[in-house]
Amino acid sequence: MVYEYLANSIAIPNTLINTPQLFGQIGLNTLGATGTPRVLLKGTISLQLPLALVGITITIVRGTLVTGPVVCSATSTFSLSLLAPQVIAFSADDFNPPITEQLVYTAFVSA
């Protein structure tokens, strides 16, 4: 089975169910930061899937690998009656991350 994360922008084809696919990454320069750091990440993703797949999981990790510390993970259930792309909005908060030269956060999506 082939499905794509697609909605008028980047198309990410995926042929393996439950295989996380990278869809976003950001690096933050935190060198010299003082106090208690807080990182707030917000985003949206628009997906179009076959009717057989109704559960989508968004996972945000600190680092570049899906095995990194999870900052946020949520599963959204899709409406089977809507054939158009469906939008998922997410918000992830990371309180008191380690102060390093650069913090990297990576977003993955899986079905």
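## Strands β5 and β6

In strand β6, Thr77 is the bridge partner of Gly55. Strand β5, residues 55-62, runs antiparallel to β6 and is joined to it by 7 bridges. Strands are DSSP runs of E with at least two residues, and helices are runs of H or I with at least four, numbered from the N terminus. Two strands count as paired if DSSP finds at least two bridges between them.

This is a predicted model, in which local features need pLDDT of at least 70 and side-chain atom pairs count only at pLDDT 80 or more, while totals for chains, interfaces and linings use all residues. Residues are numbered from 1 along each chain as its sequence is written, and side-chain values use heavy atoms, with hydrogens and water left out.

## The open sheet

Strands β5 and β6 belong to an open sheet of 4 strands, ordered β3-β8-β5-β6 with antiparallel pairing. The edges are formed by β3 (21-29) and β6 (70-77); each has a single partner strand, so one side of each is left without a neighbour in the sheet. On average, neighbouring strands of this sheet are turned by 10 degrees against each other, direction ignored. Here the axes are lines fitted to C-alpha atoms, for helices over the stretch in contact, and angles run from 0 to 180 degrees between N-to-C directions.

Overall, the protein has 8 strands and 0 helices. Of its 111 residues, 34% are buried, where buried means under 20% relative accessible area, exposed over 50% and partly exposed in between (1.4 Å probe, protein chains only).

## Strands β4 and β7

Strand β4 (residues 38-47) and strand β7 run antiparallel and are joined by 10 bridges. Ile45 stands opposite Ile88 in β7. In a regular strand the side chains alternate between the two faces of the sheet. Strand β7 (residues 86-95) has a covered face with Gln86, Ile88, Phe90, Ala92 and Asp94, and its uncovered face carries Val87, Ala89, Ser91, Asp93 and Phe95.

Leu47 is found in strand β4 and is buried, at a relative accessible area of 1%.

## The nonpolar core

Leu47 and Ile88 are also among the residues with the most contacts inside the largest nonpolar core, together with Ile56, Ile58 and Ile60; this core has 18 residues. Strands β4, β5, β6, β7 and β8 (102-110) each supply at least two of its residues. Such a core is a set of buried Ala, Val, Leu, Ile, Met, Phe, Trp, Tyr and Cys residues joined through side-chain atoms within 4.5 Å.

## The aromatic pair

The structure holds 1 aromatic pair. The ring centres of Phe23 and Phe90 are 6.0 Å apart and the ring planes stand at 85 degrees, so the pair is edge-to-face. Phe23 lies in strand β3 and Phe90 in strand β7, 67 residues apart. Rings of Phe, Tyr and Trp (its six-membered ring) pair if their centres lie within 6.5 Å; planes under 30 degrees apart count as stacked, over 60 as edge-to-face and the rest as tilted. Phe23 is partly exposed at 23% relative accessibility, whereas Phe90 is buried at 17%.

## Asp94

Asp94, in strand β7, is buried at 7% relative accessibility. Its side chain makes polar contacts with the side chains of Arg62 (2.9 Å) and Tyr105 (2.6 Å). A polar contact is a pair of N or O atoms within 3.5 Å; within protein, one must be able to donate a hydrogen and the other to accept it, and residues adjacent in sequence count only if both atoms are side-chain atoms.
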